[in-house]
Structure formats: C-alpha cells, structure tokens
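Student: I would like to go through the salt bridges of this protein. Please show me the sequence and the structure.

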Amino acid sequence: MLLPVTPLISAKHWSFAENPYVKIFNLHFMARLKGSILTMFLISLPVLLYLVYVFSNATNTFFADDFHLLKTVVWVQEANDLPTKLDLLVQQHNEHRILLPRLLTLLDYQIEGTINWRTLVLLGSVVWAANLWFFWQGFKHFRLPAWMFIAVPLIFLQPQYADNTTWSISILQQSVIIFWFSLLSYLCAQQKYTWALVVAIAATFTHGNGFFSFLIIILLAISDRKWKTVAVCAGIWAAVGLVYFWDFRTGQNADFGKSLSDPARLVMSFFAFFGSVTKIRTQNAYYAVSLGFLLATVLGVYIIPKLKVLFYKTGYQLSAFDKMLLGNILFLGITGSLIAISRSWLGIDGILAPRYQHYSPYLICWAYVVLLSFFNLRYRKIAAAVVTVGAVAFNALSYFTYHEQVQLRKDGLIADESNWINHRTMIQYARSFNDNIKGVYLEAVATGICTVEDQFSNIVIADSPETDANLRFGEATSYIIDTDGSYSQRFQSISNNHLTGTTYLFLQSGQQKGYWVPTRILHSGIREFLSSGRLRKPGFHAEFLTENLPPADYRIGILNDGQFSWSSQRILIK
C-alpha cells in the first residue's frame, strides 16, 4: 500500500526562481558574466587605443621610402602593356620585392581616387594587431584563463617601434610579414599545406625574409612525414626563387663580409635583435643582448625536449600548438640571422633601429605564453599577475617615452607638405632626395594620385607682434654610413628653454615665401612627471638641413599653440 507523500513546499506557493540553489547559480553566473565582460574590455582597450593612436598620428603625406610605393602607381598608369606593369610591381627595393605593398597602394588609389596614406597605415596596423589571435590559440591550448591574456596586447601594441606606427611602407613590410609567418605556421600546424604555400608566396613578395617561408613549410611537413608536400614545396620554392632573384642586386646597407668578420659582434647582434625593448629605459645595447638571450632560452627549454622526442620516438607527433610555435621560432631565428649577417657590421646599435623593434615584444608574448605553462596553478596566477602589472607600466611608459618621436614625425610631414607646395622641396631630406622625387611627385600631385594641403595658409601676418623668444642657435654635422662609404650632412639647430605647447618655426627671407620647421618637445623625466604632473619639458629643439634653404638672412616666426609672432632674432644661412 502506497502512502501519500506530503510535499515540503506547497505547489501553490512554490516558485522556481525562489529556490535557494537557483539563486546561488544565478548569482554565480552573473558574476562570471560580469567578469568575462570586464576581461574582454580590458583586452580590447589597448587594441582600440593603439589603432586610434596610429590613425590620429598618421598624415596624408608620404614619408621617405613611401615614395617607392607612389612612384609605382604613377608609372603603372603610364605603362601600356601588362608585362611592363608587372615588371614595375616586382622591381627590387633594397633586398625586397615588395609586390604586395605596391598592389595594396594601387588598390587604395583605385578605390579612393588618390593614395590615402592614413588608410594604408590603419590597414597595416589592423593586420599587425591580428597577431593577437595566434597568441590566443596558445592560451586555448594550455587552457589558461582569459584574464591572464590582458598582458599580451599591452606588451604587443605600443609605439616603441615608432617607424612601424605611422610609416606606411615599413608597416606594410615589417609588420605584415610577421602576420604572414604567424598565419603560415598556424596553417601548417593544422596540416593545411596548400593554403600555407599561398601564404608563403604572399610573404615572399611582401618582405625579403618571406622567401624563407618555404623552408619552414618543408621542415614542418617533414615533422608530419608529408613527403609529397615536401617535394611540391621544394619545387614551388625553386620556381619562385627564379623569379625573385632574376637580376637581383645586393641592398645598399647589406655587407655580409664585414658582418662575418667579427663573430662575437655577430652573435650579440642576433640576440640584441630580440631584446630591443630594453631601449625604453637604457641605450646600453648589452641589456638588449641579455634579454634576447633570456627569451631564446625560455623558448628553447620548452621546444627542444619535444624535438628530441620527435626525432627519436617513432610515430610521435607534435601538438598543433607546438608546431605553430616551432614555425614562429624558425621564422624568428631566420630573420634574426639575416639581419645580423647583413647589418651587424654597423654595430649592435644598428640592429636596434625602430623599424626592427617590434620583433622583441612579439617574442616576449610567445615566451609569456610558454612561461605560464611551466607553473602550477598557484604560481601561474602569481606570475600572470606580476606580468600584467608590469605590462601596464611598460605600455604607459612606451607611450610616455616615444610619443615625442611620433609627434615629431607627424609635425615634420605637415611642415614639409607646406614646404613642397611653396618651394618644391622638403627640408627634412637631403637635396639629392628632393631632386630624385621632384619630377614624379609633381606628376603625382598634378594627376591627383597624391593630394597636398598647406595647413599653414593665412597663418603668417607680416605685422604680427615681435617677441624676445631667447632663441639659441647651433650647428652640427652628422655622418651617414652605408656600404659605399660615409657621407656628411650639416644641420642648423634652433632651441628655446621656456615656451610650452606645440611649436613650429617659420623662416622667411625678405618678402619671399617662408619655410616651416617642426620642433621636438622633450618629454619630462619620470620623477618630474610624478612630482609635477607635466608630460613635457618646457622649451623646444629644432634641426634642419641647411642645404635645402637658399643662403640668406632669415627672419624667424614662431607658431606656438596656434598663435603666431615674430622673434626679434634672425638667422644667417650661409
């Protein structure tokens, strides 16, 4: 006989939402949801900050070697047949065949009706930021919590590598090539070798070291015992090599003999290449050498034991992450070796040029992922927390330190845009450069391929007030060294120690149109910033090549925070 069961809670009064276990679950779920949203916000914030920063500091005037992109667009419009157009697109630039950067510039021109350098800067920067996705694959492999990823974009995206923030051709070459190698390594790890070969061809015609992407495919295919893939890749590599090295010439800054003549300098240059983030606080290159060696050791400790097992144990396969990491390590090793062998003759400091400094944070992020895998849960949390705090400080310090360099580049291009319109010269470049670009750039502007705008029109007023700006003058000579020898250039400097704010100088001889000169405003020291809250020191410093100005006695105007005045001092250019 079944006895009736009396419910503890009457159905009439029972509510699912009032169940204490449900309430606890809801509270826990909402807490995790809020935590996830906050984590994603903190991960996304430095990405958005960086992209806004580079776009806002880019200008619509070409800089230096960007000219090789715009002249191709001009000449391609004039070419009458397809073979000539292709020859122009693949022509050599230093050691590189920059077909892809040229095609992107040509495509931008076709879409916008003019070359928009800011668009190209933003496009390249978005591709550069996309490397974060590959680091995230490492986090997924080790099942690391998302909050530990907050440090990665803070380390990776910052303006220390100033040339690769607002210089179009440098971004489209130096930054994009890393994305190609990351993508290639990922595709090989997924055994999608056909697509990896497509990426290898794109990489080859983006930057010179892309040619060695085929070697990475071959080595990873060997680890997978894909012998047919190895043979096909070798054949395609040989065919691409015939195209790439047809009528090839050594780059102007490459000297293998001089670099190999000093093995100790060669090795130190290799490691300094990967430790260049130390320049944020010290100019001593040996700190970069030490950090680069430490980072290489971390990755070596992780990957070498796995390679030993792969070599000695039949049937053993590397995980997808390990293959992706190995591909990146091979890429970095090849690139560091090429730079050291071709450039170390200039000294270790020559390896630490801004256009190369993005390799160091890239390697640091891989080392961080690997390092977290070494620890148990407790120490992993401690390590991630310490690195995250350090990453916040590093990111802030990078913007604090390098903004003056980025700002000077922007101000210099704005000034030279006006100088070109009024004088057909840009005073930040040597006269030989101005002579080389004049004909092509005049045509580019006349046909609308490039647009120019004088942002200083109607600024200068002849009867503006005259002030005693207490300017100081000086002269300096710099020496440029390449494989053909050394060359000297004479600079005139003008400085001031009390004005604050953005400042341009205006040099005018008689009633002639004047020349605009940008000024560098130094950032304050960390102690000074913490005590006074000032980001910048008072005063400014300006330098310009005197060879671009006709000899004359020049009146000096000062545009300070939008207010124009004349200095009571003058300067004689001989």
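Student: Are Asp163 and Arg409 buried or exposed?
Tutor: This is a predicted model, and the two residues can be taken as a pair. Their side chains form a salt bridge, with N and O 2.9 Å apart. Residues count as buried under 20% relative accessible area. Asp163 and Arg409 are both buried.

Student: How many residues apart in sequence are the parts that Asp163 and Arg409 tie together?
Tutor: The salt bridge joins the side chains of Asp163 and Arg409. Asp163 belongs to helix α8 (residues 163-166) and Arg409 to helix α19 (residues 377-423), so the parts tied together are separated in sequence by 246 residues.

Student: Which residue forms a salt bridge with Lys306, and is that residue buried or exposed?
Tutor: The partner is Asp322, with the closest N and O atoms 3.7 Å apart. Lys306 sits in helix α15 and Asp322 in helix α16, 16 residues apart. Lys306 is partly exposed because its relative accessibility is 22%. For Asp322 the relative accessibility is 3%, so Asp322 counts as buried.

Student: Which strands hold Asp553 and Arg570?
Tutor: The side chains of Asp553 and Arg570 meet in a salt bridge at 2.8 Å, N to O. The pair ties together parts 17 residues apart in sequence, because Asp553 lies in strand β9 and Arg570 in strand β10.

Student: What is the relative accessible area of Arg570?
Tutor: Asp553, at 36% relative accessibility, counts as partly exposed. Partly exposed is also the class of Arg570, whose relative accessible area is 45%.

Student: How many salt bridges does a search of the whole structure find?
Tutor: The pair Asp163 and Arg409 forms a salt bridge, as does the pair Lys306 and Asp322. For the whole structure, the search gives 8.

Notes
Residues are numbered from 1 along each chain as its sequence is written. This is a predicted model: local features need pLDDT of at least 70, side-chain atom pairs count only at pLDDT 80 or more; totals for chains, interfaces and linings use all residues. Side-chain values use heavy atoms; hydrogens and water are left out. A salt bridge is a side-chain nitrogen of Lys or Arg within 4 Å of a carboxyl oxygen of Asp or Glu. Helices (H or I, at least four residues) and strands (E, at least two) are DSSP runs, numbered from the N terminus. Buried means under 20% relative accessible area, exposed over 50%, partly exposed in between (1.4 Å probe, protein chains only).
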